[in-house]
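Let's take a walk through this one, helix by helix. Have the sequence and the model side by side as you read.

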Amino acid sequence: MSHKTYEESKKAVVKGLFLLGFVTLIEVFISLFGKGHIIPGINDIAWIAYPVGFIIAVLSIYKAYFIIYEFMHMAYEVKGLALTVLLPTSLLIWALFAFFSRRNSMEGKKRVC
Amino acid sequence: METTENVLHQHSENHGGSWEGAAAPFNISYGKLMMWYFLLSDAFTFAGFLIAYGALRFSSPSWPVPDFVFSTAPFGIHDAPLIFVTIMSFLLIISSVTMVRAVQEGHRENKRGVVFWMFLTIIGGAGFLGCQAWEWSNLIGKENMSVTTNPFGSHVGAGTYLDEKGNPTGETFKAGASYLLHKSEEGGHDESHAEGHHAMAKGDHPNAFVDNDGFIHKKFKVTSGPAAGKVQMEEFGPKAFGALFFFITGFHGFHVLSGVAFLLIIMINVASGVYASRKNGYEMVEKIGLYWHFVDLVWVFVFLVFYLF
């Protein structure tokens, strides 16, 4: 953090605290909304779980980005370091597709749980 | 190509100090780079756990609803979905922020500042562990969940509960409604009676079946779907839920626990001036900081997958 003064970085920390706290509160609110705790009955709409799940997933990824780039200082490291750490995690996208397309073939067959 | 002798020679040269003799890759110290790669591998372990949770959840016909399972908090608070885990999340966020401050004070070579902010970080981590201990003891002790038993279930179809004579009551439920199998209280504690538990003999009753472990499976008449009109009883929820919950939150909790231990050791070292003499901007504090932020980062996704979805 050589390009930031001490006072600036202290302010950035307080900003980070409020940002993460605020995003977490929004996530909880949206999750409860999707489960019908804010407006009763809204959880009976079948498709409501999809936009709700999508929004909280995106907000969580934003939180992860903020923690890695600001708190863990990835934004101030060499680009090559960021690539060696972040590129391998993109394999997880493939893992997600692999496991969740497999679930369709698991359905209706022998239950493992 | 390097010969074995060359490699050995280089190895012994590097033995004293790490990364010496050449430009540091990525302009970062050896310790910090290795911490990044350790965290990368750890991220894959957690991702494997969480993806397994998702795959099992969606391949199961019913799954306990998280805002029903996690709706209790200390001091007798009930029906407060997600409130307690939100407090736990805030504890980790705050301790992550105090850790950033500790690293900043380290860059200024301010020993007192580092110790102060690390101490607050430890308090936050210990608070999180305390909350998790309460959550676990509540689930194990009061709600009788274990690695192999999951008393949280949800109804596949709509129905009506039966009374003591086996006749339908006015108590109905919709498909997807959650329930918790209570245990029959043999001792007849006053507390449990207040919560609506009953002392029931083992075996078959018109309104319930009490299994050998004492779990009361309430009976109901199905009112919709192909099984309409039949009398069924509440079954255990999917076994995998208990196992996944304890393994994943336990694995994360163990990370927090070891994080707190290392924070304590490093804080004591800071206070005794071990790192001040190295004059490297308290790099050890930066390394444990990376680890601590990672623990917070993992919790973001455990929170998402277990509690929010």
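Before we look at any helix pair, one convention on handedness: a crossing is left-handed if the near helix is turned anticlockwise from the far one by less than a right angle, and right-handed if clockwise. Helices (H or I, at least four residues) and strands (E, at least two) are DSSP runs, numbered from the N terminus. What you have is a predicted model, in which local features need pLDDT of at least 70 and side-chain atom pairs count only at pLDDT 80 or more, while totals for chains, interfaces and linings use all residues. Residues are numbered from 1 along each chain as its sequence is written, and chains are lettered from A and ligands numbered from 1 in the order in which they are written.

Start with chain B as a whole. Chain B holds eight helices and eight strands. Of its 309 residues, 34% count as buried, where buried means 20 or more other C-beta atoms within 10 Å of the residue's own, exposed means 12 or fewer, and partly exposed is in between, with C-beta atoms placed from the backbone. For contacts, the rule is that two C-beta atoms, again placed from the backbone, lie within 7 Å. Take the contacts in chain B between residues at least 6 apart in sequence: 65% of them join residues at least 24 apart.

How is chain B divided into domains? Domain 1 covers 25–147 + 240–308, and domain 2 covers 152–236; such bounds come from an automatic or database domain assignment. The centres of domain 1 and domain 2 of chain B, taken over C-alpha atoms, are 38 Å apart. Where they touch, 11 residues of domain 1 of chain B contact seven residues of domain 2 of chain B. On the domain 1 side of that contact in chain B there are eight nonpolar residues, two polar and one charged. In this sorting Ala, Val, Leu, Ile, Met, Phe, Trp, Tyr, Cys and Pro are nonpolar, Asp, Glu, Lys and Arg are charged, and the others, Gly among them, are polar.

Now for the helix pairs. Two packed helices are described by the angle between their axes and the distance between the axes. Here the axes are lines fitted to C-alpha atoms, for helices over the stretch in contact, and angles run from 0 to 180 degrees between N-to-C directions. Angles under 35 degrees count as roughly parallel, over 145 as roughly antiparallel, 65 to 115 as roughly perpendicular and the rest as oblique.

Look at α2(B) and α8(B): their axes come within 10 Å and cross at roughly 15°, so α2(B) is roughly parallel to α8(B). The crossing of α2(B) past α8(B) is right-handed. Residues of α2(B) in this contact include B:W36, B:L39 and B:F46, and those of α8(B) include B:L290, B:F294 and B:F301. By class, the contact of α2(B) with α8(B) has 12 nonpolar, two polar and five charged residues.

Compare that with α4 (residues 83–107) and α5 (residues 111–142) of chain B, which pack at about 160° with axes 8 Å apart. That angle makes α4(B) roughly antiparallel to α5(B). Here α4(B) passes α5(B) in a left-handed crossing, and the contact residues of α4(B) with α5(B) are 14 nonpolar, nine polar and three charged.

Next, the interface between the chains. It takes 40 residues from chain B and 41 residues from chain A. Which elements give two or more residues to the chain B side? They are α2, α4, α7 (239–271) and α8 (283–308) of chain B, and α4(B) gives the most, with 10 residues. The chain B side that touches chain A divides into 26 nonpolar, nine polar and five charged residues.

One pair spans the two chains: the axes of α2(A) and α8(B) come within 9 Å and cross at roughly 175°, so α2(A) and α8(B) are roughly antiparallel to each other. Among the residues that make the contact are A:I56, A:I67 and A:F71 of α2(A) and B:L297, B:F301 and B:L304 of α8(B). Notice that B:F301 was also listed in the contact of α8(B) with α2(B).

Finally, two loop residues. A:H73, in the loop between α2 (49–71) and α3 (79–89) of chain A, has a positive phi of about 65° although it is not a glycine. B:N27 has a positive phi of about 60° and is not a glycine either; B:N27 lies in the loop between α1 (4–15) and α2 (30–58) of chain B. Buried or exposed? B:N27 counts as exposed because it has 11 C-beta neighbours inside 10 Å, while A:H73, with 18, counts as partly exposed.
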